[in-house]
Amino acid sequence: GESSLDLFKEQWRVSWLDERGSFVAWSRKFCLAFSEQLELRCFPLDRQLCRIKITAEKTVEEFQFVMKTKNLRKISEVVETFEVDKAMQEKCTAYVRYADYFLPFENNRSNISVLCHLERRGGYFFNNILLMVFLVNVMALCTFAIPVKDVSGRLGLLSGCFLAVLAYRYIVNEILPRKSYLTAADMYISFACLFQIGICAQTVVFGILRNREDGHKNADELNKRDNILGSLMALAWLAINIFLWCLWRLDMRQSWSSVYEDNKEPYAPVRECTRCEERWLSLMCTHGDKDSACKDCGAPVKRHYLTPQDVAPLVEEQELLKGPKEPPSTPGRSLSAR
């Protein structure tokens, strides 16, 4: 049998050879580790677009990739916290982009992009972290069962619950990479902290009112209002969490369009004029540049990153034995609105 080293040896195969030249197919297995800048705004219901880009060493005039992707649409193994979106993966696992017809740079190179469409399995975070935060705040609501006159007892319970929620906040921060923005889980935990601050403020205000000279006379009225306010806050907390639980069970995730926009994935980058609504394909090497105005009417231009759900691959699948074909259309062509 083959050793583990033999599996990673490169293989060459001549697909055709005649007076025009030759076409050589090259294949090799790799065992590599890649890094990806994760977009975590919707964590733990986020989607991730993990990408591998292979660029030719020679310029586009000397070498262009040709690929048939039918055998590349299955990903057999992912990490435990993610699963593959099979419907999206079937549409595109890898695609080829030829360098643009009008070359702005002399060193333009053809490239292959491999895309892995992953969805996070959020069950661990909902069941082990967010559920615990929910239960801690339910315990904080038990503050309303303590008489209004016992302000110290109420604040003691709230301080313990507040520290427990902060502990879960640190647990989430240790799991995730450092980000300058708040994730959906961060917002939920922050809201849980603010919810407890609201209970604390209510306790302090009612305690001050009761300690006034006429507070003892109105003690029954204060207790009644305290019970009403506690019931309303408990109903609001339950309603918000039932809504979030439904979003999780119904798998309401961010759209793949927003994922492509966040990652600026150049699968099919297009520009659109805000006035004449003309659309055209961006140059592969300058898709991230900002256009100041439309060349025809001078109006501002919007940039979109289309997904495989919006448009078929710009370079169609090709048969290796027939050699490379010309691109199906010239990049820079006008795209009909979809």
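In helix H2, residues Leu130, Val133, Phe134, Val136, Asn137, Ala140 and Leu141 meet Ala185, Tyr188, Ile189, Ala192, Phe195, Gln196 and Ile199 of helix H4, where contact means heavy atoms within 4.5 Å. By class, this contact of H2 with H4 has 12 nonpolar, 2 polar and no charged residues (Ala, Val, Leu, Ile, Met, Phe, Trp, Tyr, Cys and Pro count as nonpolar, Asp, Glu, Lys and Arg as charged, and the others, Gly among them, as polar). The model is a predicted one, in which local features need pLDDT of at least 70 and side-chain atom pairs count only at pLDDT 80 or more, while totals for chains, interfaces and linings use all residues. Residues are numbered from 1 along each chain as its sequence is written, and side-chain values use heavy atoms, with hydrogens and water left out.

Helices (H or I, at least four residues) and strands (E, at least two) are DSSP runs numbered from the N terminus. Axes are lines fitted to C-alpha atoms, for helices over the stretch in contact, with angles from 0 to 180 degrees between N-to-C directions.

| Helix pair | Axis separation | Angle |
|---|---|---|
| H2 and H4 | within 10 Å | roughly 5° |
| H4 and H5 | 11 Å | about 175° |

H4 and H5 pack at an angle of about 175°, which makes H4 roughly antiparallel to H5, whereas H2 and H4 are therefore roughly parallel to each other; angles under 35 degrees count as roughly parallel, over 145 as roughly antiparallel, 65 to 115 as roughly perpendicular and the rest as oblique. The residues of the contact of H4 with H5 divide into 14 nonpolar, 3 polar and 3 charged.

These helices also bear on a pocket. Helix H2 (123-141), helix H4 (184-211) and helix H5 (219-249) each supply at least two residues of the lining of the second largest pocket, and H5 gives the most, with 7 residues. A pocket is, on a 1 Å grid over the protein atoms alone, an open set of points where a 1.4 Å probe fits, with protein on both sides within 12 Å along at least five of seven lines, and its lining residues have an atom within 4 Å of a point. The second largest pocket has a volume of about 450 Å³, the volume being the space filled by probe spheres set on the points. Of its 20 lining residues, Phe126, Leu130, Asn241, Leu244 and Trp245 lie nearest the centre, and the lining has 18 nonpolar, 2 polar and no charged residues.
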